[in-house]
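Visitor: I have a structure open and would like to learn how to read it. Could we go through it one feature at a time?

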Amino acid sequence: MNGYALTGTGTLYRLALRRDRIALPVWVYVGTGMIASTAFSFRKLYGDEASRRTFAAGIDGNGSLRALYGPIFDGSTIGGLTAWRMGVFGAVLAALMSTLLVVRHTRAEEEDGRFELIGAGAVGRRAPLTAALATALTANAALAALVTVVLLAAGQAPAGALAFALALGATGVFFAALAAVTAQVAETGRAANGLAGAAIGLAFVLRAVGDSGSGTGWASWLSPIGWSEQVRAFAGDRWWVLALPLGGAALLTALARALVEHRDLGAGMLPQRPGPAAAAPGLADAAALARRLQRGALLGWALAFAAGGAVFGSVAKGVVDLVGDNRQMADLMARLGGQQGVLNAYLSTIAGVFGMIAAVYAVQSVLRLRAEESSGRAEPVLAGAVSRLRWAGGHLLFPLLGTAVLLAVAGTTAGLAQGAALGGTGDAVGRMLGGTLVQLPAVWLTAAVALAVYGLLPRWTAAGWAGYGVFVLVAWLGPILQLPQWVLDLSPFTHLPHLPGGAFTAAPLLWTTALAALAALAGLAGLRRRDLG
């Protein structure tokens, strides 16, 4: 391949950074903030080495918690406990960030037709892929640098802090390269994200199997997330393990670069099935088209919520056994969401987490409107007897009702798993359904803010993710950092009743829903009046 294959890479790299100047910092700051708050909470709860070792000993004997978080390799230091608590989920966060970033700047751009315009200029065949991978590498480097800084600020060993941060960054780089391959294989951005997401889920399951009990440790070595764990930050710092994700990323990058040269622009490597000659009667209106476009994503999210509910529900018994008479741990979990007992505190915290994740789906569904508009697919629909509000309404049914489906699925499976572990399945399902469904007003308000930005300021649509980031960071870190009440009030998630276990009050649900309705109306009014595109 001649040297012109990479022509324009620098320009596309700068363009990608500019387009992600809002979303990328949110991803990095959320990951760093979660790790910083975890280190802070461990320092506050377990200030001496003896208490930390006692806590770690309880984890080692709890198979369900090992499957969820992994084993503790060093329970004597704050850094070791932070690496245990956030190692797995930090790696998953880095993997998701990298996957979405690479697909957004490769397959999604190609699907929308923008690559044809770019390719008509002085741009090499491999330049878009290389620029996307460079952007993902930058994001993971920034995440690793900030994580190192916050752990050093917490007084932890420099070598351990760097090993932990590089483990997270290397995991992100591996999945960025994997997403580069799926972007060549699949013909749509959603399919590429789905394939990469399935790989992340498989990696998590393999690691969980390897960590759950004796005799299955080999399974962790089959998982890129398990490789991050096996670096053993603060417990020997096995630097050589970093060669596994980095070497795998190099091989996958070479494969992706080869695939770019063996396919047509706009086509994928997987064969596409021809559609029917005539559309089904059910596709006769704009709402039906929106359902067709959104149903695949809803199904994928529902399966993920079902699996997550089953996992977190089954861990309930392990949480009760772990805490036991540990008053400090009970106080921490109570501050994070519960009011009546350790079990209720855990379950209400998990219900809040599901609400925050459902808000991601809600914002994503709202921003589908912008994708349809910017790609030009909305124009043929609106050229007929379809109003803008009717077109938008078909898509908005998914952040409105689809989020209710997701939270109901999570609550049901979590209740069933909890009931199987502790008994009382019927009561457990009802309690968990109440805890998850009470999150809906906050989820709707988050989606409505994104809709308002899209309708009124379409060029700043990505700022809808910034609103989500602010809401989640305040709700997640605010109680731990003991922020002022006026700061906590900025997030709708902090106003919700803590169910199960807490007192139910309807007032915050009503005014949060009213605010969501006002924001949505403002967004729809802006969409109705402004020019498309």
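Visitor: Does Leu12 count as buried or exposed, and at what relative accessibility?

Guide: This is a predicted model. Leu12 counts as buried because its relative accessibility is 12%, under the 20% cut-off. Leu12 sits in helix H1, which covers residues 9–19.

Visitor: Which residues is Leu12 in contact with, leaving aside its neighbours within four places in sequence?

Guide: Leu12 is in contact with Ile118, Val123, Ala127, Pro128 and Ala131. His105 is 93 residues from Leu12 in sequence, yet their C-alpha atoms are 9.2 Å apart in space.

Visitor: What average pLDDT does the chain have?

Guide: The average is 84, and 88% of the residues score at least 70. Over residues 336–340 the pLDDT is below 50, although this stretch has 14 contacts in the model beyond near neighbours in sequence. Where pLDDT is low, the predicted coordinates should not be read in detail.

Visitor: Which residues touch the most other members of the largest nonpolar core?

Guide: The general idea is that in soluble globular proteins, nonpolar side chains tend to be buried together. Here the largest nonpolar core has 121 residues, and Phe164, Trp391 and Phe493 touch the most other members. Helix H9, residues 158–185, gives the most to this core, with 17 residues.

Visitor: What does Phe164 touch, not counting residues up to four places away in sequence?

Guide: Phe164 touches Ile35, Thr82, Ala83, Met86, Gly87, Val147, Leu151, Ala233 and Phe234.

Visitor: Where does Phe234 lie?

Guide: Phe234 lies in the loop between H11 and H12. Phe234 has a positive phi of about 70°, although it is not a glycine. At 13% relative accessibility, Phe234 counts as buried.

Visitor: What is the phi of Arg232?

Guide: Phi of Arg232 is near 55°, again a positive value in a residue other than glycine. Arg232 is in the loop between helix H11 (224–230) and helix H12 (243–260). With a relative accessible area of 29%, Arg232 is partly exposed.

Visitor: Which residues does a cis peptide bond join?

Guide: Leu499 and Pro500 are joined by a cis peptide bond, with omega about 0°. Pro500 is in the loop between helix H22 (485–488) and helix H23 (507–529).

Visitor: What span should the 23 residues of H23 have?

Guide: At 1.5 Å a residue, H23 should span 33 Å, and its end C-alpha atoms are 33 Å apart, which agrees.

Visitor: Which residues of H23 are buried?

Guide: An α-helix has 3.6 residues a turn, so residues three or four places apart point the same way. In H23 the buried residues are Pro508, Leu509, Thr512, Ala516, Ala519, Gly523, Gly526 and Leu527. The buried residues of H23 pack against helix H18 (388–422) and helix H20 (440–456).

Visitor: How many salt bridges are there?

Guide: Side chains of opposite charge can pair when their charged atoms come close. The count here comes to eleven salt bridges. One of them joins the side chains of Arg19 and Glu109, at 3.0 Å from N to O. Arg19 lies in helix H1 and Glu109 in helix H6 (residues 107–112), so the pair ties together parts that are 90 residues apart in sequence.

Visitor: Which residue forms a salt bridge with Glu373?

Guide: The partner is Arg530, with the closest N and O atoms 2.9 Å apart. Glu373 is in helix H16 (residues 342–374) and Arg530 in the segment after H23, so this pair links distant parts of the chain, 157 residues apart. Both Glu373 and Arg530 are buried.

Visitor: Which residues are linked in a network of salt bridges?

Guide: Arg207, Asp211 and Glu229 are linked in such a network.

Note on methods
Residues are numbered from 1 along each chain as its sequence is written. This is a predicted model: local features need pLDDT of at least 70, side-chain atom pairs count only at pLDDT 80 or more; totals for chains, interfaces and linings use all residues. Side-chain values use heavy atoms; hydrogens and water are left out. Helices (H or I, at least four residues) and strands (E, at least two) are DSSP runs, numbered from the N terminus. Buried means under 20% relative accessible area, exposed over 50%, partly exposed in between (1.4 Å probe, protein chains only). Contact means heavy atoms within 4.5 Å. The expected span of a helix is 1.5 Å times one less than its number of residues. pLDDT is the predictor's confidence in each residue, from 0 to 100. A nonpolar core is a set of buried Ala, Val, Leu, Ile, Met, Phe, Trp, Tyr and Cys residues joined through side-chain atoms within 4.5 Å. A salt bridge is a side-chain nitrogen of Lys or Arg within 4 Å of a carboxyl oxygen of Asp or Glu.
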